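Okay, thanks everyone for coming. Let me put the model up and walk you through a few spots.

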Amino acid sequence: MQPRTHRWFAPPAALLAALAALLAALAAVVFAVRSTPARGDDGPPVSPLLWGENLTLDPNSLNSDWFLTQPALRAGLAAAHTSVIRMPVRGPSPDQAGIANRAEFQLAARQVRELGLTPLVILRNPQDPDLLADDTEVVRYVNSVFGNQPVYYEWANETDLPGSPGQVGAADYVASWNHTVPALKAAANPGARFLGPAGYQLNTADLSYLKTFLAGANPRPDAVSWHEYTCNDATKTEDQCLAALGSWPKHLTAARNLMTDTIGQQLPIWVTEWNYTPDIVHGDGKHADADFLRRWTTTALQTLAANGVTASMHFDVRNQQQDHLPLVEGDGTLAPEGIAFKAAYDALAGTPPTTTTTTSVPAPGPKYSFEDAGLDGWAGTGHVSALAGSTDVGGEDGTHALRVTFTSNSAADQPYVHVNPPGGGPGAGRPLTAHFYVPGTTTATVTAKLYVQDLSGTWHIGADTVLSQRGSWTELSYTPSGYSGNAQQIGVQLRESPVGTAATVYLDAVGW
């Protein structure tokens with residue numbers, strides 16, 4: 001996270017035109033927000049990961065960092081419904097090896113774990129000459145703190161920012177990802193996810209950095225990320241900062257269209273920094289106007305929720321004396337942006353009111369039958385060597401199935417195949433069913449267990465089932481519980497014994 005006073009870029013012509021008719025633009029923004037479902041249960045579930053925060057963790061700040069030193073502030077963040085914390089790993093400089101904030105990062109990780117929050121770790125800049133060793137140290141420490149809980153890793157920070165010491169060209173960024181992330185995935189626990197490119201903005205007039213990343217990243221990222229701000233100098237009015245939020249949906253649409261055109265699917269979007277400004281401008285009264293801060297923050301979160309963003313992190317935890325806008329004061333009380341932050345959670349993602357309406361629940365039916373001979377969005381993680389639509393054994397529902405070839409390299413190695421259903425997966429109490437076929441020639445013992453991942457990233461896993469039948473379809477069923485909303489991911493973990501030999505199973509008729 002570099003100083004950003006030079007980050008403002010000229011708005012596009014469309015926005016300038018909108019500013020000329022400011023009241024009309026504001027009315028359009030307000031209408032778009034008001035047309036959004038008031039609660040996630042009225043439409044697609046609103047992810048609680050939208051309510052995130054950024055830490056600073058500068059080197060040698062162990063006794064001064066606001067988050068590390070003030071328990072009341074940490075408790076206040078939790079009370080405001082903060083769900084995910086973004087934590088930087090800092091080197092001596094972008095192009096020097098080593099971890100300069102090791103003590104600060106490790107303490108923050110333990111404190112985030114104590115709060116029961118989800119970590120997003122910013123890994124070292126690709127310029128680090130000892131990148132793999134430094135990042136592997138981080139991943140192993142995170143493993144030791146969070147175990148198999150979901151954790152997220154972001155590949156560096158704002159490497160596309162022109163003129164910054166950490167600037168890295170898109171091709172070099174991709175090469176670094178491709179060289180290092182596979183080893184980090186192997187070292188990380190199964191719940192780990194990797195995302196990038198952590199852009200300092202999304203410029204719809206030049207999407208080349210994101211396009212290069214999407215086209216060349218191997219493995220494919222689990223999500224894409226960038227940052228969003230609206231104004232950062234004293235020449236912009238409060239109304240202009242509010243109206244500029246109208247550009248965020250355009251950025252999201254452009255990114256989704258680019259993903260469809262480039263990789264044929266849409267990945268989750270993480271806005272890993274946001275605020276009306278990245279740095280307070282002294283002499284500008286906006287940062288002292290509590291009503292403006294509450295209105296802007298409310299509209300920002302409504303915009304992110306209405307446009308299906310998976311996760312976002314407010315920038316940042318520092319106080320106004322450090323030229324930043326906090327959610328929570330040092331004594332744990334909510335700052336103006338924190339008041340709006342908590343209220344937006346209560347309105348958009350909080351527990352909906354109970355209702356006495358009784359509706360019948362339709363019986364589970366197949367939602368994935370692979371009859372188009374494709375993968376239907378399914379992917380493999382771990383030692384899954386091949387996925388393909390197939391008619392080799394027919395289908396439990398129709399004539400096609402998904403052929404999965406995998407290997408367990410140890411008794412604890414459980415590769416898995418998974419999908420993020422576009423409309424969400426089963427809610428708690430809704431049975432998830434899937435059918436498996438093991439060919440008659442298979443001599444290995446194949447074990448499977450269904451799972452779902454809820455909106456907070458937590459896994460809920462069914463029981464191990466040995467697929468003992470050969471040459472016929474076997475149904476597995478799992479009824480998850482203990483979460484709200486719809487699951488964001490469903491899948492199956494697989495294991496074969498004896499280990500080290502590739503096994504093939506077929507999956508079909510997945511439903512809930």
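Let's start with Glu371, which is partly exposed at 37% relative accessibility; buried would mean under 20% relative accessible area, exposed over 50%, and partly exposed is in between, with a 1.4 Å probe and protein chains only. Quick housekeeping: this is a predicted model, where local features need pLDDT of at least 70, side-chain atom pairs count only at pLDDT 80 or more, and totals for chains, interfaces and linings use all residues. Residues are numbered from 1 along each chain as its sequence is written, and side-chain values use heavy atoms, with hydrogens and water left out.

Back to Glu371: you'll find that residue in the loop between strand E9 (366-368) and strand E10 (379-381). Strands here are DSSP runs of at least two residues, helices (H or I) of at least four, numbered from the N terminus.

Now, the disulfide, meaning a pair of cysteine sulfur atoms within 2.5 Å. The structure has 1, and that one joins Cys231 to Cys241, S to S 1.8 Å. Cys231 sits in the loop between strand E6 (223-229) and helix H9 (238-243), while Cys241 is in helix H9, 10 residues apart. The torsion about the S-S bond of Cys231 and Cys241 is about 120°, so the disulfide is right-handed. And are these cysteines buried or exposed? Cys231 is buried at 1% relative accessible area, and Cys241 is buried too, at 0% relative accessibility.

Last stop, Ser497, in strand E19 (residues 489-497). Ser497 is partly exposed, at 42% relative accessibility. Ser497 and Thr445 are 52 residues apart in sequence, but 5.1 Å apart in space, C-alpha to C-alpha.
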